[in-house]
Amino acid sequence: MVLSHTMRAVEITAAGGPEVLKPCILPVPVPGHGQIVIRVAWAGVNRPDALQRAGMYAPPANASPLPGLEASGTVVELGAGVTRWQIGDRVTALLPGGGYAEYAVTMADHALPVPEGMSLREAACLPETCFTVWSNVVMRGGLKGGERFLVHGGSSGIGTTAIQIARALGARVFVTAGSAKKCAACLDLGAERAFNYRDEDWAAEVKGMGGADLILDMVGGPYIARNIRALADEGRLVQIAFLQGARAEVNFAEMMTRRLVLTGSTLRPQSDLAKARIAAEVEAHVWPLIRTGRFAPVMDSEFPLDRAAEAHARMEGSGHVGKIVLKVE
Ligand SMILES: NC(=O)c1ccc[n+]([C@@H]2O[C@H](COP(=O)([O-])OP(=O)(O)OC[C@H]3O[C@@H](n4cnc5c(N)ncnc54)[C@H](OP(=O)(O)O)[C@@H]3O)[C@@H](O)[C@H]2O)c1
C-alpha cells in the first residue's frame with residue numbers, strides 16, 4: 001500500500017489550556033521492528049492528554065510528542081518481524097502517544113482486534129481505560145468476587161470501565177462522583193451505592209458497611225487519609241492519579257496495624273513488554289465481557305480531529321460521563 005507522506009495531526013504548540021492544541025501537517029510515522037502503522041479512524045481522549053498539554057505529563061523518550069494514547073483504525077503498514085497482523089486488519093491499540101493524527105505507530109502486540117459487532121468509534125475508547133483498569137484493579141489490586149470495591153470518579157472514562165469490569169467479576173461496587181446526574185449514571189452501570197462527594201461523607205459510609213477491600217483512586221490529596229480510613233483490614237489502595245495533589249499527612253501506623261497495602265501505577269512509562277502482557281490479559285479477560293454484553297464503553301461525545309481543543313475543554317469542564325472521542329477519518 002502506498003501511503004501519502006504527510007498527514008493531518010493536532011499538536012501541542014506550548015504548555016497551556018485547550019487553545020494550545022492546533023492542527024498541523026506532519027510526516028507519516030514509519031514503523032520500527034515489531035511495530036505497525038494504523039490509519040486512524042477514531043482517537044480516544046483521556047485525562048492524561050490534558051495533563052500532557054498542560055505541561056504536567058511529559059511523553060516518554062522515543063514516543064510521539066503528539067497527544068493521543070489510544071486509537072482505532074486499519075493496519076496500513078507492518079514493521080519487520082510482525083506476524084500477528086495483516087494489512088487491512090481492523091484494530092484498536094494502546095499508543096505511546098500520537099493518536100491525534102491520521103496515522104499512528106505502535107507495537108504490534110499493543111493492538112487488539114476490534115471486538116465483533118463493535119464500531120470503530122466505540123473500539124477507540126477501549127485500550128487506555130481497559131489496560132489501566134485491568135492492570136490496577138485486577139493484576140495489582142487483586143479484586144475478587146464478593147469484595148467491596150470503591151472507585152472514585154465513577155463517571156469518568158476510567159470509572160465507568162471499572163464499575164462494569166468489577167461487577168462482571170462479582171464485586172460489590174461503590175463510587176464517588178460530583179453530581180446527582182453522574183451518581184445516577186454509575187448506579188445504572190451496576191454500582192450498589194453512589195456517593196455525591198460534594199455533600200456525603202463517603203469515607204464514613206463505606207467504613208460503616210465494613211470498609212472497602214479495594215479502592216481505586218485518582219484524586220489523592222485530602223482523599224489519601226480518608227481512603228486509608230475507609231479501607232477494611234487487609235484492604236488495598238491503588239493510586240492512579242493525583243488530581244488534588246500527591247502530598248498528604250498520613251498515619252502510617254494504620255497501614256501496619258490493619259495490614260493495608262498502598263500501591264499504584266501509571267501505564268505510559270512501563271516497558272513495551274509489560275504493556276504487551278497487559279494487552280494479552282485484557283484480550284483474554286475483558287474481550288469476552290464485551291462479546292457477552294457485560295461491558296461496553298460509555299460514550300459521552302465526539303469532536304472532529306481539528307476541534308480537539310473543544311474536546312479537551314469538555315473534559316476539563318467535567319460535564320461529561322464516560323468517553324470523549326475524536327473523529328479522524
Ligand atoms: N495511572 C494510569 O495509568 C492512568 C491511565 C489513565 C488515566 N489515569 C487517570 O485516571 C483519571 C481518570 O481519567 P479519565 O481519562 O477517565 O478522565 P475523566 O473522564 O476526565 O475523569 C476524571 C474524573 O475525575 C473527577 N475529578 C476531576 N477533577 C477532580 C478533582 N479536583 N477532585 C475530585 N475529582 C475530580 C471528575 O469527576 P467529578 O466531576 O465527579 O469530580 C472526572 O469524572 C485521571 O486522573 C487520569 O489522569 C491514570
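## A first walk through the structure

Strand β3 (residues 35-45) and β6 run antiparallel to each other, paired over five bridges. Within this pairing, Ile38 stands opposite Ala104 in β6. Strand β6 itself covers residues 103-107, and it is mostly covered, with five of its five residues buried. Please keep in mind as you look around that this is a predicted model.

### Two domains

Let us step back to the whole chain. The protein is divided into domain 1, made of 6-126 + 297-327, and domain 2, which is 130-264. Taken over C-alpha atoms, the centres of domain 1 and domain 2 are 28 Å apart. The contact between them takes nine residues from domain 1 and eight residues from domain 2. On the side of domain 1 that touches domain 2, the classes are five nonpolar, three polar and one charged residues.

### The parallel sheet

Next comes an open sheet of six strands, in the order β10-β9-β8-β11-β12-β13, with parallel pairing. Its edge strands are β10 (193-196) and β13 (261-264), each of which pairs on one side only. From one strand to the next, the twist averages 15°.

Strand β9 (residues 172-177) pairs with β10 in the parallel sense over four bridges. Here Phe174 has Arg193 of β10 as its bridge partner. Helix α4 (residues 157-168) lies across β8 (148-151), β9 and β11 (212-217), and it runs at about 165° to β9.

### Around the ligand

Where does the ligand sit relative to the two domains? The shell around the ligand receives residues from both domain 1 (6-126 + 297-327) and domain 2 (130-264), so it lies between them. There are 25 residues around the ligand, and those that come nearest are Arg47, Ser156, Gly157, Gly178 and Ala241. By class, this shell has eleven nonpolar, eleven polar and three charged residues.

Helices take part here too: α1 (47-53), α3 (127-140) and α4 each supply at least two residues of the shell around the ligand. The largest share, three residues, comes from α1.

### A closer look at α3

Is helix α3 largely enclosed or largely open? Eleven of the 14 residues of α3 are buried, so the rest of the structure largely encloses this helix. Among the buried residues are Phe131, Val133, Trp134 and Val137, and the list also includes Glu128, Thr129 and Asn136. Just after α3, Gly142 takes a positive phi of about 65°.

Two other residues have a positive phi without being glycine. Asn62, which is not a glycine, has a phi of about 75°. Asn62 is in the loop between α1 and β4 (70-78). Glu234 has a positive phi near 70°, again in a residue other than glycine. Glu234 has its place in strand β12 (residues 231-239).

Are Asn62 and Glu234 buried or exposed? Asn62 counts as exposed because it has 8 C-beta neighbours inside 10 Å. Glu234, with 11 C-beta neighbours inside 10 Å, counts as exposed as well.

### Two buried residues

Cys186 is found in helix α5 (residues 180-188), and it is buried, with 27 other C-beta atoms within 10 Å. Which residues touch Cys186, leaving aside its neighbours within four places in sequence? They are Gly154, Ser155, Ile163, Val175, Ala177, Ala191 and Ala194.

Val328 belongs to the segment after β15 (323-327). Val328 counts as buried, because it has 29 C-beta neighbours inside 10 Å. Leaving aside neighbours within four places in sequence, Val328 is in contact with Val40, Ala41, Trp42, Ala43, Glu102 and Leu305.

For each of these two residues, the table gives a C-alpha distance to a residue elsewhere in the chain.

| Pair | Separation along the chain | C-alpha distance |
|---|---|---|
| Cys186 and Gly99 | 87 residues | 28 Å |
| Val328 and Glu116 | 212 residues | 21 Å |

How values were computed
Residues numbered from 1 in each chain as written. Predicted model: local features only at pLDDT ≥ 70, side-chain atom pairs only at ≥ 80, totals over all residues. Pairing = 2+ DSSP bridges. Axes fitted to C-alpha atoms, helices over the stretch in contact; angles between N-to-C directions. Contact = placed C-beta atoms within 7 Å. Near = placed C-beta within 6 Å. Nonpolar A, V, L, I, M, F, W, Y, C, P; charged D, E, K, R; others polar. Domains from an automatic or database assignment. Buried ≥ 20, exposed ≤ 12 C-beta atoms within 10 Å, placed from the backbone.
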